[in-house]
Amino acid sequence: MVATVSEELESVKETKQEKGGFKLHHYIAVIGLFGPAIYLFGLRYYQGLLYEFGVDNSSFPIAAHEAYIYAYYATTHIIDALFIEGWAWLTSLSVLEVISIPLLSVGGLYIFAKRRDLPKPSFEGWFGQLLTKLWNYLHWENNKLTQALVLTGLGSYVVLSILYLLIVLGFAWLLIPYAAYSVGKSSAESRIDDYLDPEKGCAALEGKRWGPCKALLSSDGKVMYEGILILHSGNLISFFTREGAFVTTFPPGGVIRNKLSGKP
């Protein structure tokens, strides 16, 4: 008898563990779907960045972990832009608007929470009795036609909801990578505009130690390229200068120099 109870307990534990493992397996599968999406997000940011600099991205293929890093860069750019826009909108509001928005929100939530305590409307007189009879006649519990209309409406709503969801997912599949591509282009465009600005160029920002430019020196100390260092991967290096974008092999004994602010 004791052995039978013990076997039953072990069977219940195994069943629970199997169910728990099955659920965990599903969670892992769902989380795994985000990996390719994040990779695509980072890859499109990288491609937009190189496109704006005028560099063919096939010259600098990236690994998966690098795409994830670029996805992080793209996400930080987007969050930063949203924060700036949100802060600008918030500071543009008047004091009355800033105070009224939370008060109206709290008041609306209070009324919604207390809606059951509100008195129900009652119909009196012959017109009210007519409405009550009409309601009872057309109620889906008493009228087959109303039941059919309700079921048809709910079915149509479910089908349209699924269709709209598929459309939204399709747009998201197209727009999210496009947003990453646009953010990459915008990031490169901002750096190019600052570099080509006569008042900025390679000068460091106020309070910064390093400027935005770097120089590639040959083994004898001669400056080969000076400007924005776009990428350096393996034996290839890419620069953006006032003459355009260049992709070249890293020279033997070459050095990348980053000048201190204020140094000639």
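Reply: The model is a predicted one. Buried residues make up 20% of the 264 residues in its chain.

Me: What makes a residue such as S218 count as buried?

Reply: The relative accessibility of S218 is 14%. Buried means under 20% relative accessible area, and therefore S218, at 14%, counts as buried. S218 is found in the loop between strand 1 (214–217) and strand 2. Leaving aside residues up to four places away in sequence, S218 touches M224, G253 and G254.

Me: Why is Q47 called buried?

Reply: Q47 has a relative accessible area of 17%. The cut-off for buried is under 20%, so Q47 qualifies as buried. Q47 is found in helix 1.

Me: Which residues does Q47 touch, not counting residues up to four places away in sequence?

Reply: With those neighbours set aside, Q47 touches N57 and Y181. A contact requires heavy atoms within 4.5 Å. The C-alpha atoms of Q47 and N57 are 6.1 Å apart in space, and the two residues are 10 residues apart in sequence. The 6.1 Å value runs from C-alpha to C-alpha, whereas the contact criterion refers to heavy atoms.

Me: What makes a set of residues a nonpolar core, and which members touch the most other members in the largest one?

Reply: The members must be buried residues of the nonpolar kinds listed for a core, joined through side-chain atoms within 4.5 Å. The largest nonpolar core holds 24 residues, of which Y46, F53, Y70, I230, L231 and F240 touch the most other members. At least two residues of this core come from each of helix 1 (2–53), helix 2 (64–92), helix 5 (144–196) and strand 2 (223–233). Helix 1 gives the most, with 7 residues. As background, nonpolar side chains tend to be buried together in soluble globular proteins.

Me: Which residues does Y70 touch beyond those up to four places away in sequence?

Reply: Y70 touches G42, Y45, Y46, L49, I62 and L231. Y46 and L231, like Y70, are among the core members that touch the most others.

Me: How do you know that the lining of the largest pocket is nonpolar, polar or charged in its make-up?

Reply: The lining divides into 13 nonpolar residues, no polar and no charged. The pocket is lined by 13 residues. L33, F34, A37, I38 and W173 lie nearest its centre. Ala, Leu, Ile, Phe and Trp are among the kinds that count as nonpolar.

Me: What is the volume of the largest pocket, and which helices supply at least two residues of its lining?

Reply: The volume is about 360 Å³. Helix 1 and helix 5 each supply at least two lining residues, and helix 1 gives the most, with 8 residues.

Me: What pattern do the helices and strands follow along the sequence?

Reply: The chain has 5 helices and 5 strands, and the pattern reads α-α-α-α-α-β-β-β-β-β.

Notes:
Residues numbered from 1 in each chain as written. Predicted model: local features only at pLDDT ≥ 70, side-chain atom pairs only at ≥ 80, totals over all residues. Heavy atoms only, no water. Helix = DSSP H or I, 4+ residues; strand = E, 2+ residues; numbered from the N terminus. Buried < 20%, exposed > 50% of the residue type's maximum accessible area, 1.4 Å probe, protein only. 1 Å grid on protein atoms, 1.4 Å probe; cavity = no way out; pocket = protein on both sides within 12 Å on 5 of 7 lines; lining within 4 Å. Points joined across faces, edges and corners; volume = space filled by probe spheres on them.
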